[in-house]
Amino acid sequence: MTIDKAILAVITTNEQKVDGGAPIFYCETKDEMNKVAANLEAILDGISHALSDELYIIVKH
Amino acid sequence: MNEYTLPIIFGVTVGTIARAIMLRTDYRQYPTYLHGKVIHLALGFIAAGLGAVAIPAIMEKEFTAVTFLTIAASQFREVRNMERNTLTELDSYELVPRGNTYIEGIAIAFESRNYLVIFTSFLTTFAYLLAGWSIAIVVTIICYAVSRKLMSGSTLKDIVDISLSEVHFDGAGLYVDNIYIMNIGLPERQEEIGRFGMGFVLTPKNFDVRSTIANLGQRQAILHDVSVSLGVFRDSGTPALVPLIKRDLDDGRIGVFILPQNQDPKKAAEIIGAVPVLENAIRMPSESKVSKRNRGEEK
């Protein structure tokens, strides 16, 4: 079995919301979160999806 | 020189020219360079030779010679494999891949064109031997016309209505009309998509078409053709900038989201309209016995 979609990273400004297996990047502000997500998107070759205003995930498609 | 020399030469020449005519380099860009063309012209020459000698062989009562045609068939099946393998290998390096359905369609075309060459040579040699060169030339012209006719299939504009539609965001969700395309998180990307994105809605003209344009291979073919013709705002390492097509489950319309470098909506619509309808994507549910019975055409 191959897994072709995977959450590579979680970026958030609200620590309460997240926990678990993927690497979590905690940011102070929304601006910082956008920057980190943009960098991670390019580095990991994944797409950053917004689950809410304070939570992004990077997914490899 | 004997009585068959001229007819055979005539048949082989006509067949090879037929292959050359059918070997077009267009926006699909394949084959482009001389080497690729030489392969197909050489195979076309072999096909023409096989077609041309069939009739003289029968006239000489050499019936076993006709079994050579079976070797030809397996030879040209090999052509199809070759094309399929090459194009599949190359596909992973395309910014917007062709997709397997499109590749299979191209491979089938390459194989079948060799058979058209065989038929052309066969018929012209036959005509030459039967009625002389003047009739053979008439047959040649008819064969070329038939080959041209057989080469072209239908295009998307025959089966769907194409309308330009606005690309917009609802939160992180990207929409074309009311069709959800994907979730784009970064404001930066959303801005780029707002600037370069273009949306079209394709409305099927009848029920059969719904399944055809729902085919993932057909959709990929649309994206590939548009990206080749208009350029694509995308690079490796920017997976978020990807042209996509999604379907409206309610009525079978599809929403085409593209990122063309050439921002000309009219041209884009024309290009979408000119995308070939892939043979392997065509479905005809209305031709099934059940639906015919329901319409009362068959008991």
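Partly exposed means a relative accessible area between the 20% under which a residue is buried and the 50% over which a residue is exposed. B:D251, at 28% relative accessibility, therefore counts as partly exposed. The model is a predicted one.

**Helix α2 of chain B**

- Helix α2 of chain B runs over residues 34-59, which makes 26 residues.
- From first C-alpha to last, α2(B) reaches 38 Å, close to the 38 Å expected at 1.5 Å a residue.
- At B:V53 the helix α2(B) bends by about 30 degrees, and the proline B:P56 follows within four residues.
- The buried residues of α2(B) include B:H40, B:L43, B:G44, B:A47 and B:A48.
- B:P56, the proline that follows the bend within four residues, is also among the buried residues of α2(B).
- An α-helix has 3.6 residues a turn, so residues three or four places apart point the same way.
- Among the elements that cover the buried residues of α2(B) are α1 (5-22), α3 (68-91) and α4 (100-131) of chain B.
- After α2(B) comes B:K61, which has a positive phi, near 60 degrees.

**The two domains of chain B**

- The domain assignment divides chain B into domain 1 (5-152) and domain 2 (157-284).
- The contact between them takes 13 residues from domain 1 of chain B and 20 residues from domain 2 of chain B.
- The C-alpha centres of domain 1 and domain 2 of chain B are 35 Å apart.
- About 1300 Å² is buried between domain 1 and domain 2 of chain B, and carbon and sulfur atoms give 63% of that area.
- Across this interface between domain 1 and domain 2 of chain B, the rule finds 0 salt bridges.

**The contact between chains A and B**

- Chain B brings 13 residues to the contact and chain A brings 12 residues.
- The area buried between chain B and chain A is about 960 Å², with carbon and sulfur atoms giving 56%.
- B:N183, B:L186 and B:P239 supply 48% of the area that chain B buries against chain A, more than any other three residues.
- Between chain B and chain A the count is 1 salt bridge.
- A:E41 and B:R189 meet through their side chains in a salt bridge, at 2.5 Å from N to O.
- A:E41 and B:R189 also belong to a network of salt bridges that links them with B:E188 and B:E192.

**Salt bridges within the chains**

- Over all chains, the structure holds 12 salt bridges.
- In chain A, the side chains of A:K60 and A:D45 form a salt bridge at 3.8 Å, N to O.
- A:K60 lies in strand β4 (residues 55-60) of chain A and A:D45 in the loop between α1 (30-44) and β3 (47-52) of chain A, so this pair ties together parts that are 15 residues apart in sequence.
- A:K60 has a relative accessible area of 32% and is partly exposed, and A:D45 is partly exposed at 33%.
- In chain B, the side chains of B:D177 and B:R253 meet in a salt bridge at 3.0 Å, N to O.
- That pair links distant parts of the chain, 76 residues apart: B:D177 is in the loop between β3 (173-176) and β4 (179-183) of chain B, and B:R253 is in the loop between β6 (244-247) and β7 (254-258) of chain B.
- B:D177 is partly exposed, with a relative accessible area of 34%, whereas B:R253 is buried at 13% relative accessibility.
- B:R253 also forms a salt bridge with B:D251, where the closest N and O atoms are 3.0 Å apart.

- B:D248 is placed in the loop between β6 and β7 of chain B.
- With a relative accessible area of 10%, B:D248 is buried.
- Leaving aside neighbours within four places in sequence, B:D248 is in contact with B:N178, B:I179 and B:R253.
- B:D248 and B:I135 are 56 Å apart in space, C-alpha to C-alpha, and 113 residues apart in sequence.

Terms used
Residues are numbered from 1 along each chain as its sequence is written. Chains are lettered from A and ligands numbered from 1 in the order in which they are written. This is a predicted model: local features need pLDDT of at least 70, side-chain atom pairs count only at pLDDT 80 or more; totals for chains, interfaces and linings use all residues. Side-chain values use heavy atoms; hydrogens and water are left out. Helices (H or I, at least four residues) and strands (E, at least two) are DSSP runs, numbered from the N terminus. The expected span of a helix is 1.5 Å times one less than its number of residues. The bend at a residue is the angle between axes fitted to the seven residues ending there and the seven starting there. Buried means under 20% relative accessible area, exposed over 50%, partly exposed in between (1.4 Å probe, protein chains only). Contact means heavy atoms within 4.5 Å. Domain bounds come from an automatic or database domain assignment. Buried area is the accessible area (1.4 Å probe) that two parts lose on being put together, summed over both. A salt bridge is a side-chain nitrogen of Lys or Arg within 4 Å of a carboxyl oxygen of Asp or Glu.
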